[in-house]
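Welcome to my notebook. I went through the model step by step and wrote down what I looked up.

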Amino acid sequence: MNTILSAYFKLEANRFAPWKSDPERFRERVYEVGDEAVRERFQGTSFEIPGFEEVIDPLDGYEIKTSFAFEAQPGGDVTHEVYDPALRMFLNDIAECKKQAASEGKDPDRVPRAILLALHGAMVAEDHEDADGDFLEAVRNAVGPDCPIFVTLDLHVNLTKKMAKYADALFPCENYPHTDYRENGVKAAKILIDTLEGRVRPVMSVKSLPMLFPYTPTTGDTFREYYRKIREINALPGVLNFRFSHGFFASDVTEGGPAAIAVTDNDPALAERLANDFAAEIYDHRASFFRKFYQPEEALEKARELLNSGVKAPIVLADVADNPGSGATGDSPVLLNAMIQAGIPSMYSAIFDPESVRLAEEAGVGSEVELDLGGKVYPECTGGPVRVKAKVLQLSDGNYIQEGPYMHGALQKLGRSVLLGIGNVKVIVCSIRIQTSDRASFHMFGLSPETCPVVAVKSAVHFRASYESVAGAVLEVETPALGPMDPRALTYTNVPKDFYPLNQG
Ligand SMILES: [Zn+2]
């Protein structure tokens, strides 16, 4: 039996967030130990792990075993209490695999047959700025130079020299919204099997760029042409996989630029040429990726104008900078307040505020409450709470299943949640910080965002997977928060000063 060992370990570090990613942060999202628990958790979802299993499970002579699946909502550094046992557990599973082979009289150097990991790639842990690179280094040391290590990654990986050195092939996902995690997992697993069967010999070239790349949907105007080119390159003879990763600037790391990654079938010159040419083209057009965003009042005026001119509901307002999906606090009430003032019938998902949830629960459904809503986690940044008179409309346990193509089938946990009515706005208030990118968060309360004039979400890009098909228009709104869309809004400690656009004076 050829055993392939796997693990799922994801954290996108936003080092401006005032909290650490400790065990509790992981437990409230994904924290599963052992192959059986991981399989059960991801069954029927669009993540990488079921993609790996889809390819490997039916093969004679191969098996895949996943040690653990840990993921937290983006935030500060992963603490030792999470990172150390995770790494230890994986190294232990490698050692166990070797021990068992030896007891069966087999060569322990040839087991496990391969490593296939699902990482994010922008993890920072205490004492590990390049936590993914350090993880891969430790795994490489344990399995030796001849065991293939393949890794799927997020599009927002901060790709480092260490990651490229210790892995044989890296597979950042291709789409933003990331609707292709599973597809990406299938691709990596297929190429891994082809490698083990001797049908291909992957070689990789990585070209990183000295710049910070704004959050850019791959379906949007500024990236559509490049996306098309990436697909064309993937279809060229000899190319096994070609990707362009965007990096994640809020990680504030020394190696954090976007990168072109080419994996070819034993053609290093082709891999190098493809990566260098594509990276050069992006760099030549670097200024074109910086786009403009609305202020809240401006966006609501625009929404009213669009609705009056016959554009169909909903007009979707994306509260892009306070997106928990990029490590923001998710509790800024700035856009919500502008919506309350504007008076257009609206819905908002979601404000993170456990204290207000508790007060609303105590008051009970049907009652009126006065609340200092949101703005509590980092008031210096978001401007503090807003005083509101709210009606408690509904209570919920906050669990729903993602319906759209992004993270399809995944259990989302908002924790204890309430639906409040404030003026003409129905707002979800939750007690676990999470990006509510899917219409399912409203469906959980029996609401129909599809027909509501204005709908606002705390999401930068992923909401597009669920909302673009029903929205009359999408307006991106920027409020003061920890996930600014323009990299120049943050003050960095580690990003090199000569990175574009920081070097623009
Ligand atoms: Zn991402």
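Before I start: the strands and helices I name are DSSP runs, numbered from the N terminus. I also keep in mind that this is a predicted model.

I began with the peptide bonds. A cis bond joins Tyr500 and Pro501, with omega about 0°. I found Pro501 in the segment after strand E19 (473–477). Another cis bond joins Ser349 and Ala350, again with omega about 0°. Ala350 sits in strand E11 (residues 346–352).

I noted these since most peptide bonds are trans and most residues other than glycine have a negative phi.

Next I turned to phi. Asp252, not a glycine, has a positive phi of about 50°. I located Asp252 in the loop between strand E8 (239–245) and strand E9 (259–265). Is Asp252 buried or exposed? I read a relative accessible area of 5%, so Asp252 is buried.

Asn266 is not a glycine either, and its phi is positive at about 55°. I placed Asn266 in the loop between E9 and helix H9 (268–284). With 41% relative accessibility, Asn266 is partly exposed.

**Entry: the two domains**

The domain assignment gave me domain 1 (2–289) and domain 2 (296–485). Their C-alpha centres are 32 Å apart. I saw 28 residues of domain 1 and 30 residues of domain 2 in the contact.

How much area is buried between domain 1 and domain 2? I noted about 2300 Å², with 60% from carbon and sulfur atoms. On the domain 1 side, Glu28, Gln73 and Tyr215 lose the most area to domain 2, together 23% of what that side buries.

Lastly, I looked for polar links across this interface. I found zero salt bridges, but five residue pairs in polar contact.

Key
Residues are numbered from 1 along each chain as its sequence is written. This is a predicted model: local features need pLDDT of at least 70, side-chain atom pairs count only at pLDDT 80 or more; totals for chains, interfaces and linings use all residues. Side-chain values use heavy atoms; hydrogens and water are left out. Domain bounds come from an automatic or database domain assignment. Contact means heavy atoms within 4.5 Å. Buried area is the accessible area (1.4 Å probe) that two parts lose on being put together, summed over both. A salt bridge is a side-chain nitrogen of Lys or Arg within 4 Å of a carboxyl oxygen of Asp or Glu. A polar contact is a pair of N or O atoms within 3.5 Å; within protein, one must be able to donate a hydrogen and the other to accept it, and residues adjacent in sequence count only if both atoms are side-chain atoms. Helices (H or I, at least four residues) and strands (E, at least two) are DSSP runs, numbered from the N terminus. Buried means under 20% relative accessible area, exposed over 50%, partly exposed in between (1.4 Å probe, protein chains only).
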